[in-house]
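Please read this briefing alongside the sequence and the structure. It is grouped by topic.

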Amino acid sequence: MLAVNYMMLRDNMKSCMDKVTDDYETMIVTRKNNKNVVIISEEAYNNMMENLHLVGNKANYDWLMESKKQLEQGNFSAHNLDEEYSYE
């Protein structure tokens, strides 16, 4: 996580935004009176929103936790993607 002040951001906007998007950095812009701002990439934001949606619903969260538990206990099966399956 990077921290920059407003003046540094203003003077180096392109390079700061490139760090956020190209290097997957999170940037905190420090401001007076502790009114700071966080800058993240659109990709990181979309990923965060998707994760919030998935775990924000109790049924989804419970299903994910049960799946995780089964995986950790070795209760899974592996398949080759090129195998043909019959759905009859």
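**Start of the chain**

Leaving aside neighbours within four places in sequence, Met1 is in contact (heavy atoms within 4.5 Å) with Glu25, Thr26 and Ile28. This is a predicted model, in which local features need pLDDT of at least 70 and side-chain atom pairs count only at pLDDT 80 or more, while totals for chains, interfaces and linings use all residues. Residues are numbered from 1 along each chain as its sequence is written, and side-chain values use heavy atoms, with hydrogens and water left out.

- Met1 belongs to the segment before strand S1 (2–5); helices (H or I, at least four residues) and strands (E, at least two) are DSSP runs, numbered from the N terminus.
- Met1 counts as exposed because its relative accessibility is 69%; exposed means over 50% relative accessible area, buried under 20%, and partly exposed in between (1.4 Å probe, protein chains only).

**Sheet**

- Three strands form an open sheet in the order S1-S2-S3, with mixed pairing; two strands pair if DSSP finds at least two bridges between them.
- S1 and strand S3 (37–39) stand at the edges with a single partner strand each, so one side of each has no neighbour in the sheet.
- From one strand to the next, the twist averages 30 degrees, taken between N-to-C directions on a scale from 0 to 180 degrees, with axes fitted to C-alpha atoms.
- S2 and S3 run antiparallel and are joined by 3 bridges.
- Met27 stands opposite Ile39 in S3.

**Nonpolar core**

- Val4, Leu9, Cys16, Val20, Met27 and Val29 make up the largest nonpolar core, of 6 residues; such a core is a set of buried Ala, Val, Leu, Ile, Met, Phe, Trp, Tyr and Cys residues joined through side-chain atoms within 4.5 Å.
- Helix H2 (13–22) and strand S2 (27–30) are the elements that give two or more residues to this core.
- Not counting residues up to four places away in sequence, Leu9 touches Val4, Cys16, Met27, Val29 and Ile39.

**Ser41**

- Ser41 lies in the loop between S3 and helix H3 (42–56), and counts as buried because its relative accessibility is 9%.
- The Ser41 side chain reaches the backbone nitrogen of Ala44 at 3.0 Å.
- Beyond four places in sequence, Ser41 is in contact with Val20 and Thr21.

**Helix H4**

- A side-chain oxygen of Asn57 reaches to within 2.9 Å of the backbone nitrogen of Ala59 at the start of H4.

Key. A polar contact is a pair of N or O atoms within 3.5 Å; within protein, one must be able to donate a hydrogen and the other to accept it, and residues adjacent in sequence count only if both atoms are side-chain atoms.
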